[in-house]
Amino acid sequence: MAITEVERRRGQLAALSIAAVVIIVGVPLWWRTTETYRAWLPVSQIKDLAKLQLHLSADVEVVFALDGDLLVQFIILRLQNMKPARYETKYRTATIMEEDALKKPTAAEADLSLHMLSESPCGSLVVYVIPESSSLLPEDVNVYIGQRRTALVRISAQMRVGKTLEQLLAQLEPRIKQVLQVMSFSHTDITVALSDRVRFRPGNKESIADSMRAFKSSPGYEITFSLLNPDPKSHQLHWDIEGAVQTYIQPLLTKLSPLANFSIDSQTLYYTMLGVTPRFDSSLEAYTLNADSLAHVINPVEARLGSNAASSNPVLNFLLYVPDIRHSPLYIHDHRKQEVPSNAFHSPRWGGIMVYNVNGFYGSETEFPVHVNINMAKVMGVFLAQLRLLLGVQSLSPPPGFLVAPCGSTGLADWELDRLMWSRSVENIATATTTITSLAQLLDQIGNIVINDNIAQQVSSAVTSLQLAMAELEVGNLGFALQYSKEAILASEKAFFDPSLLHLLYFPDDQKFAIYIPLFLPMCVPILLSMLKIVSEVRPLKVQIGL
Amino acid sequence: MAEPKFRVCLCMFWAVCPKDDFQEELVIRPLHSGDIYASFQFRTLWDTDFMRENKVSHYRLFPKSLGQVISKFSVRELHISFTQGYWRTMQWGQPFIPSPPGAELWVWFQDSVTDVDATWKELTNVLSGIFCASLNFIDSTNTVQPSASFKPLGIGNVTDHSFLRYATLPREIVCTENLTPWKKLLPCGSKAGLAVLLKSEKLFHSSFHSQAVHIRSVCQDWQCKTTSWELRQTVNSVFDLHNSGQAKREWSLFKMFSRTLTEACPLASSSKLYIDITDNPQGEQFELSPATSLLSQAVVLGDRRTFSVYDLTQETTFGSVRSLNLLIRWKSNEGEMLRPLLHAERYVAGYGLQTGEIHTLMYNNHPYRSFPVLLLDSVPWYLRLYIHTLSVTSKGKDNKPSYIHYEPSKDRVKPHLLEMLIQLPPNSVTEVTVQFERALLKWTEYPPDPNHGFYVGSSVISSLVPSTVAMDTNSTRERPLFSSFFPCKEESSYFVRIYTEPLLVNLPTPDFSMPYNVICLTCTVVAVGYGSLYNLLTRSFQIEEPNPGLAKRIANVIRKMRGVPPL
C-alpha cells in the first residue's frame, strides 16, 4: 500500500514538474520567438496632439503718429480691454524717423521708407495711425495696405474731438480688426486649412470652391508649361518660354521659396487634341467651347502630358492650346454664354488651360505652315493669375475705404505671403497630425505589424517637430513654425509609407492555428488531464481533512 | 540642297536657331526566305548639355520624361530594348540593331555619380514606370558590370566599367502596353509620319519584334568641338511568309502594317523609306511598284548595299492617290543569301536535375581570315558554374582565350560573369563548354509556374569582323540612320554584336504543400515521443492481483446472498 502511494506521488510530482517546465520555460520561449518586434511609440503625446489645440498669435504693433498730449496717456495705460483673442497688440508712438517717413508725399513712398527703417519679422504687422490732416491718402480712403507688412489707418476728425481715451480706442478697434482680417490670418483661412481634419460647413458655394481650388500643401511643386500644337502642318509655333519664365514666373516663385521648392519645365506636344469637338457658332463665325464641356477637355490631353519621372511632388499643368486650322478661332464660353475675356479656364488642383487663337496670322494667300511667335506677356499674365489661385493666394476684395497697394514686380506682397504661410503651417500641422494619429491607431489595432526602430524614430521626430511647430505658432514665430511643420510632414509621411510595416501584415489567425495545433494539442492534452486528475484527487482529501 | 537654305531663313525668323532636329527612316529588306524585314529608326538630336548647373527644362522635340531621367540620374548613355522572338542570323543575316529576346538594359553613368548601385536601382524603377515593363525586377542578382563587351557607343573614352551596369530579363513578354509609351516619346506620336504604320495588331503578329531606345551623346561636327544628345528609337520586325504573308511571295505596306503612308511627320527634317535592292539590280528577283529612280548606296555591316529611296517629304512620292502603298512582288525564289561571317548558337546538355553543361558554338565563316570575338556570359547564381571545366576548342584543338574575366557568383546576391577574348580561326566552329550544378532554392524563391523552367540570358558576342569593302569612318557625315548606329573606327573591319538563344533550364522543384506536411509530420513524431515519455514519467506502477475466476465470482455472489463470508 505504501509503495503504491509513493508511486502515485511520484507520478503526480512528475506531472506537476512537466507542467511547470512547460509554463516556466516553454510558454515564454514560444512567446519570445513568435513575438513581433514593436518599438516604443510616444502614444500619449500622439493622443495629446490628436486634440489639435492650436493657438495662433501674431504680433501687431499699433503706432500712433498723432500729435497732441493724448498719446502719452495711451502708452502709460497700455489698455488691456482691447485684446483681440489671437493678436498680441502693442502700442507705441512713432519714432522721429518714422514721423519723417510718414511725411513723404505718397503712401507708396512712405511704405517703402518705413520698410527701410525696420524690417518687421515674418507674420507680424505694423499699423500706423495717422491724423486726418495727413496728405498721404486720397480723400475717400481711410486705410492703406502697403506692399510689406504695414498699413496706414487714418482717424477721422470727429473721432478725436474731446473724447476720452477709452472711447477713442473703442472706435479704433473695429478698424484695426478689419485691417488684420485682410492682412493676417482670418477664421475662414484657418478653417479651410483644417478642412481635412474638421468637417466644416461653409456658408456658401463660393468658399467651397475656394477651398477646393488650391493645391494641398506639399514640400515641393512641379510646374509644367505645355504648348499644345494639334496641327504642326499649318502652324509652326515659337514661344520664348525660357525668357517668359525668367521674367514673369521666377520672381513670384523666388518670393514663395520659403513655402516650398518649385521646379519649372516646359514641353511642346504635337497632335494633341482636346477631348471635345468645339461647336461652330455661326453668329460669331467662331468655334465655341461651353463651360459644361470643359470638364471633358483635359482627360485625353493628360495622357500625353506624361508624369514627372524625377520626383513625386504634385504637378501644376499649364497648357497653351493653339487650335488647329479647322477649328479656329476658338472661344471659351461661360455659363451665361458669354465669351471669357482671357479665353482660359483652370481646373482645381490640376492646372490651367488657355486657348490661343492664331487666325489673325492667316492671310488670303498665306503659305502654310504659318510661323507664329506667341505673345508671352499675354499668356503669362493669364497663367500667373491661375498660378496664384492654385497656390492659394486669394485675392479677396477689400472692405470699402481700403486701398491695397498694387503688388510690385514680385507679384506678391509680404503680407500675402504671410497669410499663405499661416494657412500652410496650420495645414501642414493638421496633415502631419492626421498621419501620425492614424498610424498610431493602425499600429494599435493590428498587432501583427512590426514597428522597427527607424519608424519609431521617425514618429518621435515628427511628434517633436509638431510640438515645436505648435509652440512657435503660439509665440508668433511664423518662419520657424512653417519650417518645423514641413519637417513634421516629411517625417510622418516617411513613417506612414515605410514598406517594412507591410511585412507580416498578412498572417491570419486560422493559419497560425493550423500550424500550432499539431504540436500543441498532443502536448497539452495529457498535461491538462493529469492536472485535472491531481486536482480531483486533492479535493476529496481536503474535504476529508476539513471534516 | 534646298534644305540648308530653308534652315537659314528659319534662323533669321526666330532669331534663335532651332537646336533640335528629328529624322525618321524605314528600311525594308526582302529576305531570301520570303520573309520581310522592316526596320524603323527615329532620331532626335538636341544640342544641349543635361549636366549643366541649371538644369535643362524646356523641351521641344526631345521627350520630357527621358530628359528628366538623363539629368536626374546623370546618365551618360542608356540603351534599352524589348524583344519578342529570336533573330535567326543564319536565315536573315545581320540586323541593323541587334537585341536579345526579352528586355535588355545597359547604362553608362557619369563619373559624378557616387552610389552607382542605388542610382541604377532607382533608374530601373523609373524606367519600368515609363515603359510599363517589369524592369523593376532588375536587382543585384541579374546585374553585371562587363569589363570589355559594352563600350560606350557615343563619344567619351570611358574605361572605368564601375560606371556601367548591364542587365537582361529574358522572360519579359513584350506587348502593346510597351509599344504605346514608346510611341508617345515620338514628336509626332503615331499620328503622322512613318509611325502610323506601327499598329500593334500587325506588329505583334510578326515572328520577330524588337523595340528599343538608345540615348547617347554624339559629335556635332567632325572636329567634335561640341556635342549633342541623340535619342534613337527603333523598331525592328520580321514578317513571316506563311504567318503574315499567307504564303504568297508578295508584300506591300498594307499587307505588313494594314496601313499605308500618306505624309511625313511635319516636324521631321528628313523622312525616307529605303528598300534594299542589292540582290536585285536588274529587277530579276522582285519588282517594286511604284518604282523610284532615286538610288542610294551605303556601306552597312561590311557590305555595300544599294537601296531604292522614297523621300516622303516630297509630294510626288505619294502620287495622284496621295498615298504610298509600296508593293514588292517576287518573280523567282532562287538565289542564295550570303552566309553571315559570324553566327553563334547555344544549348544546355546533360540529363537529370543535378548537373548540366552549357555549350556555346561560334561559327567563323570567313574563308581565310581569323578574327577575335568577345564572349560575355552572365549566368544566374542558381546555376553554379564549375569554372575548372571551362574548355574552348576549335577544330578539335584547345583554343586558349587571350583574356578571361571571371567573377564568381554569390548566392542570392550576384550572378556569374564570364568574359573571354577568343580568336576564331578561319572557317571553323569554336565550342565553349562549361559544366554547372543546379542549386536548390528556398521555397519562397520560386517564381510562379516554376515547372516552366528558369531562363538564362543570351550570351553576347561582340566582334570586329573583317570587312570586304572599306568602311566609312567619318561619323558626322550625313548618312542613312541605319548605317550610322555603331561607330566605326577603322576601314578594314566593322562592329557586330550577336546574341545567342536564351536558355531554359529546369531546376529541381519541390512539392509546395511540403512545408505544412513537414510541420504536421514532425509535430506528430514529437507528440508520439513526448506522449510515451510523459506516460512513463507520470503513471504509477503496481503489481496487479490476478483476477478471480468466473466460477469463484459466481460462488461469491451466491455466498453473499446466503450471508456467508466470501471465498
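**Pockets, sheets and a salt bridge**

Biologist: What volume does the second largest pocket have?

Modeller: The second largest pocket has a volume of about 900 Å³, counted as the space filled by probe spheres set on grid points joined across faces, edges and corners. A pocket is an open set of points on a 1 Å grid over the protein atoms alone, with protein on both sides within 12 Å along at least five of seven lines, and lining residues have an atom within 4 Å of a point. This is a predicted model, in which local features need pLDDT of at least 70 and side-chain atom pairs count only at pLDDT 80 or more, while totals for chains, interfaces and linings use all residues. Residues are numbered from 1 along each chain as its sequence is written, chains are lettered from A and ligands numbered from 1 in the order written, and side-chain values use heavy atoms, leaving out hydrogens and water.

Biologist: Okay, which residues lie nearest the centre of that pocket?

Modeller: Of the 26 residues that line the second largest pocket, B:Phe137, B:Thr141, B:Asn142, B:Leu169 and B:Tyr382 lie nearest its centre. The lining divides into 14 nonpolar, seven polar and five charged residues, where Asp, Glu, Lys and Arg count as charged, Ala, Val, Leu, Ile, Met, Phe, Trp, Tyr, Cys and Pro as nonpolar, and the others as polar.

Biologist: Which strand gives the most to the lining of the second largest pocket?

Modeller: S23(B) gives the most, with three residues, a strand being a DSSP run of E with at least two residues, and a helix one of H or I with at least four, numbered from the N terminus. Strands S6 (164–169), S17 (371–379) and S23 (454–456) of chain B each supply at least two lining residues.

Biologist: And why does the pocket lie between domain 1 and domain 2 of chain B?

Modeller: Domain 1 (20–330) and domain 2 (342–505) of chain B both give residues to the lining of the second largest pocket, so the pocket lies between them; the bounds come from an automatic or database domain assignment.

Biologist: Switching to cavities, how many of 30 Å³ or more are there?

Modeller: The count comes to 12 cavities of 30 Å³ or more, a cavity being a set of points where a 1.4 Å probe fits but cannot get out. The second largest cavity holds about 170 Å³ of space, and its lining of 15 residues includes B:Leu301, B:Met471, B:Ser483, B:Phe486 and B:Phe495, which lie nearest its centre. By class, that lining has 12 nonpolar, two polar and one charged residues, and at least three residues come from each of domain 1 and domain 2 of chain B.

Biologist: What about the sheet of five strands, what is its order?

Modeller: The open sheet of five strands in chain B has the order S20-S21-S17-S24-S25, with antiparallel pairing; two strands pair if DSSP finds at least two bridges between them. Strands S20 (403–407) and S25 (493–499) of chain B stand at the edges with a single partner strand each, so one side of each is left without a neighbour in the sheet. Seven bridges join strand S24 (460–466) of chain B to S25(B), and B:Val460 stands opposite B:Tyr499 in S25(B).

Biologist: Last one, which residue forms a salt bridge with A:Arg8?

Modeller: A:Arg8 forms a salt bridge with A:Glu537, their closest N and O atoms being 2.6 Å apart; the term needs a side-chain nitrogen of Lys or Arg within 4 Å of a carboxyl oxygen of Asp or Glu. The pair links distant parts of the chain, with A:Arg8 in helix H1 (2–34) and A:Glu537 in helix H16 (509–546) of chain A, 529 residues apart. Over all chains, the structure holds 23 salt bridges.
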